[in-house]
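Reader: I would like to go through the labels attached to this model one at a time, and to set each of them against its definition.

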Amino acid sequence: MRFVVVIFSLLILPVVTFAHHALFTYDDSKLVEVRGAVRSALWRNPHILFTVSSVSNSGQEELWEIEGLSVNYMERAGINSDSFNIGDSVVVLGLPSKRDKNSLFAILTTSESGRKLVMSRDRARAFGLLEENTEPIRPVASNEQIALAIRQANGIHRVWTNTSRTGGGISLPLTDVARAAKESWNQPTDDIALRCEPAGMPEAMLSPFPIEFLQQDDDIIVRLEEWDNVRTIHMGIGSNEKNPPATSLGYSVGRWEGRTLVVRTEDINYPYLDDLGTPQSEAVEIVERFTLSEDENRLDWVATVVDPNTLTEPVTLPMMHWEWVPGEKIKPYNCTLNDNQG
C-alpha cells in the first residue's frame with residue numbers, strides 16, 4: 001500500500017540552482033511514501049536506481065522506479081549494494097517526478113530490518129527528517145591513515161572535503177539566444193551526464209565530492225573525484241601556451257597572491273555552464289580564487305565567468321568551501337551506463 005504525504009518544502013528554487021545533476025525534475029513541494037518489495041537494483045554512478053513493487057489503494061500492483069544519489073555518496077553514508085536485496089520489504093520517502101509516473105527521488109528509506117537509511121541529507125534536513133545539528137558524514141579512517149595525512153599535508157596540497165550546502169543559486173543574465181537555448185534543453189535527452197560524459201569547466205568544480213591538490217614539478221594537479229577528472233594548473237614561467245587545443249576542462253594558468261591561488265582558464269569547449277542546460281560558448285573565460293585559511297583547515301572557492309556570447313555581464317558563481325578531513329581519500333567514480341543507455 002502506498003500513499004502521498006504533502007509537505008511544503010523549505011527549499012525555494014531560484015532561477016538557476018547548483019543542486020547537483022538536475023534533480024529539478026522532481027517536485028520539492030511534497031513527499032511520497034512507497035511501501036513494497038525490491039524487484040531490481042542498479043548500483044552504479046552517476047545515480048543508483050532500484051525498483052519497488054507496491055500495491056495501490058485499488059489493489060493493483062505498481063512498479064516504482066527509485067533514483068538515488070551516486071554510489072560514492074551512498075558508500076560514505078554507510079549505504080552499499082548489500083543494503084537493498086532483491087525481495088526485501090522497504091519503505092521509501094521521496095520526491096515525486098514532475099515528468100514520469102511512479103518515479104521517486106529517494107530521501108529516506110527504511111530497510112526490512114528497520115534501519116533508516118538517509119539517502120539525501122540536505123533534503124532530509126529540509127523536510128525536518130533530520131535534526132538540524134546532525135553531524136556531516138565523515139570518512140572512516142584508521143589512526144595510522146589520519147597520522148599519515150597530517151604528515152603529508154602541505155598548504156593547499158591535500159584532499160579537501162566539500163562542506164558547502166547544495167541548492168544555492170543565482171539568476172543568470174542570459175542573452176536572448178542563450179535563454180532560448182536553455183529553454184529548449186531537455187534533460188532526458190540532452191543531459192550528457194546520463195551518457196557518462198565527464199563534466200567540463202566550470203561545472204566540474206560544482207561537485208559535492210572531494211578534490212585533491214598535488215604538486216607536479218612546477219605545476220599543480222587537481223584530482224576531482226566526480227567523473228575521475230584531472231585538471232592541470234600551469235604555474236611555471238612561460239606557462240601560457242600559444243593556441244592550446246580547446247578541451248572540456250580548458251587551459252588553466254595559476255599564480256599565488258598570498259594565501260590565494262588565482263587561476264584563469266580559457267580554451268574551454270564544454271557546452272554548458274551548469275547541469276541545468278545553461279549554454280556557454282568557447283569564448284568563455286573563468287577566473288577562480290582558492291583561498292586557504294590561516295589554520296589551513298578550510299579552502300574557499302569563488303569563480304567569475306565571462307562569456308559575451310551567453311552572458312550580458314560577468315557572473316560570480318555561489319561561493320563554495322572545502323574542509324580538511326584527515327584520512328579522506330579520492331574514490332574511483334567509474335560512471336557506468338545502464339542497459340537502456342548509450
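Author: What follows is a set of questions about those labels, with the values behind them.

Author: This is a predicted model, in which local features need pLDDT of at least 70 and side-chain atom pairs count only at pLDDT 80 or more, whereas totals for chains, interfaces and linings use all residues. Residues are numbered from 1 along each chain as its sequence is written, and side-chain values use heavy atoms, with hydrogens and water left out.

Reader: Why is Thr51 called buried?
Author: Buried means under 20% relative accessible area, exposed over 50%, and partly exposed in between, with a 1.4 Å probe and protein chains only; Thr51 has a relative accessible area of 15%, and is therefore buried.

Reader: What makes the pairing of the side chains of Thr51 and Ser40 a polar contact?
Author: A polar contact is a pair of N or O atoms within 3.5 Å, where within protein one must be able to donate a hydrogen and the other to accept it, and residues adjacent in sequence count only if both atoms are side-chain atoms. The side chains of Thr51 and Ser40 are joined at 2.6 Å. Thr51 itself lies in strand β4, residues 49-55, strands being DSSP runs of E with at least two residues and helices runs of H or I with at least four, numbered from the N terminus.

Reader: How do you know that Asp176 and Arg179 meet in a salt bridge?
Author: A salt bridge is a side-chain nitrogen of Lys or Arg within 4 Å of a carboxyl oxygen of Asp or Glu, and for Asp176 and Arg179 the N to O value is 3.3 Å. Because these two residues are 3 residues apart in helix α4 (residues 176-184), they are separated by about one helical turn. Asp176, at 64% relative accessibility, counts as exposed, while Arg179, at 35%, is partly exposed.

Reader: Which parts of the chain does the salt bridge of Arg223 and Glu212 link?
Author: The side chains of Arg223 and Glu212 meet at 2.8 Å, N to O. The pair links distant parts of the chain, with Arg223 in strand β12 (residues 219-224) and Glu212 in strand β11 (residues 211-216), 11 residues apart. At 14% relative accessibility Glu212 counts as buried, whereas Arg223, at 32%, is partly exposed.

Reader: How many salt bridges does a search of the whole structure find?
Author: The search finds 16, and a network of salt bridges links Arg76, Glu225 and Glu328.
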